[in-house]
Amino acid sequence: MSTPQLRNMGTVGGNICLDTRCNWYDQSLFWRTAEGYCMKTHASVVCRVATSSPRCLAVASADTVPALIALGASAVVANAQGERRVAIADLYREDGISYLTLERGDVVTAVELPLEEGWRSAYLKLRDRNSFDFPIVGLAAAVRLEGATVRDARIAITAVASRPMLVAAAAKAIVGTRLEDEAIAAAADAVHKAARPMDNTSGTISQRKRASRVFAERALRSLRDGS
Ligand SMILES: Cc1cc2nc3c(=O)[nH]c(=O)nc-3n(C[C@H](O)[C@H](O)[C@H](O)COP(=O)(O)OP(=O)(O)OC[C@H]3O[C@@H](n4cnc5c(N)ncnc54)[C@H](O)[C@@H]3O)c2cc1C
Ligand code: SF4
């Protein structure tokens with residue numbers, strides 16, 4: 001993700017808590033002053049992407065998050081009262097403004113990964129520039145194999161809604177299978193159904209929806225073939 005300079009300076013905690021993105025919001029003051037603001041900065045103004053939307057639809061955009069969700073990771077969250085563990089998947093809300101479930105004073109102090117014995121994982125992203133860029137679709141898949149049979153699976157997507165999310169139906173479609181092409185196609189269908197991109201980042205809605213299906217197929221084939 002990102003550039004070597006940003007990766008060297010940025011933290012995992014910062015990436016997990018990265019703000020949502022939107023083509024309307026991520027502009028210079030000059031541009032915003034000329035075009036006008038939106039709900040994300042001015043509560044009384046409509047969302048410019050979907051004027052009847054009661055909430056901001058800005059897009060979850062961190063690459064580490066779907067990969068961590070697929071691996072079953074948890075965040076250690078500390079505040080003045082103590083410490084708690086929160087599944088990474090539960091850190092987010094489907095709301096482009098109030099996108100984290102963290103409260104004021106909460107700090108992510110660590111990320112914990114469960115033992116990964118028997119698990120294989122993959123992350124694929126679509127982006128404008130291959131050198132560095134945010135995902136406009138991101139998909140992470142992890143499977144635990146016994147022989148060639150899938151015993152457990154997690155598939156997570158990002159950049160197609162305001163929160164990164166687990167697609168339980170996709171995992172269900174492959175558990176108990178040997179990742180035959182039909183099972184992979186069923187999982188990819190579930191991912192395609194769950195992906196709800198809006199027209200507020202690069203790419204088109206249909207391109208990003210199609211890409212989510214293609215990435216599910218590619219990721220699961222690569223896990224099956226060990227490539
Ligand atoms: C040009 C560019 C390209 C980028 N491309 C990508 C990309 O391709 N993929 C990608 O995933 N990201 C990308 N990023 C985002 C970048 O990786 C993140 O901004 C970076 O990881 C943030 O880390 P940071 O430590 O600097 O956090 P900060 O920017 O300091 O913090 C981000 C937010 O998280 C909060 N925060 C930080 N640490 C914690 C903590 N421990 N607990 C609670 N809250 C915390 C801060 O208050 C702030 O709201 C890009 C950024 C730029 C500028
Ligand atoms: S999705 Fe709507 S409210 Fe949110 S930043 Fe974009 S234009 Fe503003």
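Visitor: What makes V12, V111 and L113 a nonpolar patch on the surface?
Guide: In this predicted model, the three residues together have about 230 Å² of accessible area, computed by the Shrake-Rupley method with a 1.4 Å probe and, for residues, only the protein chains shown as cover. A patch takes residues with over 30% relative accessible area and no salt bridge, joining nonpolar side chains (Val, Leu, Ile, Met, Phe, Trp, Tyr) within 5 Å and like charges within 9 Å. V12 has a relative accessible area of 46%, so V12 passes the 30% limit.

Visitor: What numbering and limits apply here?
Guide: Residues are numbered from 1 along each chain as its sequence is written, and chains are lettered from A and ligands numbered from 1 in the order in which they are written. In this predicted model local features need pLDDT of at least 70, side-chain atom pairs count only at pLDDT 80 or more, and totals for chains, interfaces and linings use all residues, while side-chain values use heavy atoms, without hydrogens and water.

Visitor: Why is V12 called partly exposed, and where is V12 placed?
Guide: Buried means under 20% relative accessible area, exposed over 50%, and partly exposed in between (1.4 Å probe, protein chains only). At 46%, V12 therefore counts as partly exposed. V12 is in helix α2, residues 12-16; helices are DSSP runs of H or I with at least four residues, strands are runs of E with at least two, and both are numbered from the N terminus.

Visitor: What makes the contact of D63 and K125 a salt bridge?
Guide: The rule asks for a side-chain nitrogen of Lys or Arg within 4 Å of a carboxyl oxygen of Asp or Glu. For D63 and K125 the N to O distance is 2.7 Å, so the pair qualifies. D63 sits in the loop between α3 (29-35) and α4 (64-70), and K125 in strand β4 (residues 119-126), 62 residues apart. The whole structure has 11 salt bridges.

Visitor: Why are D63 and K125 called buried?
Guide: D63 has 8% relative accessible area and K125 has 18%. Each value is under 20%, so both residues count as buried.

Visitor: How do you know that R213 and D189 form a salt bridge?
Guide: Their closest N and O atoms are 2.3 Å apart, which is within 4 Å. R213 lies in helix α7 (residues 205-225) and D189 in helix α6 (residues 181-194), so the pair ties together parts 24 residues apart in sequence. R213 is partly exposed at 26%, as is D189 at 42%.

Visitor: How many disulfides are there by the rule?
Guide: A disulfide needs a pair of cysteine sulfur atoms within 2.5 Å, and the count is 0. C22 is buried at 9% and C38 at 8%.
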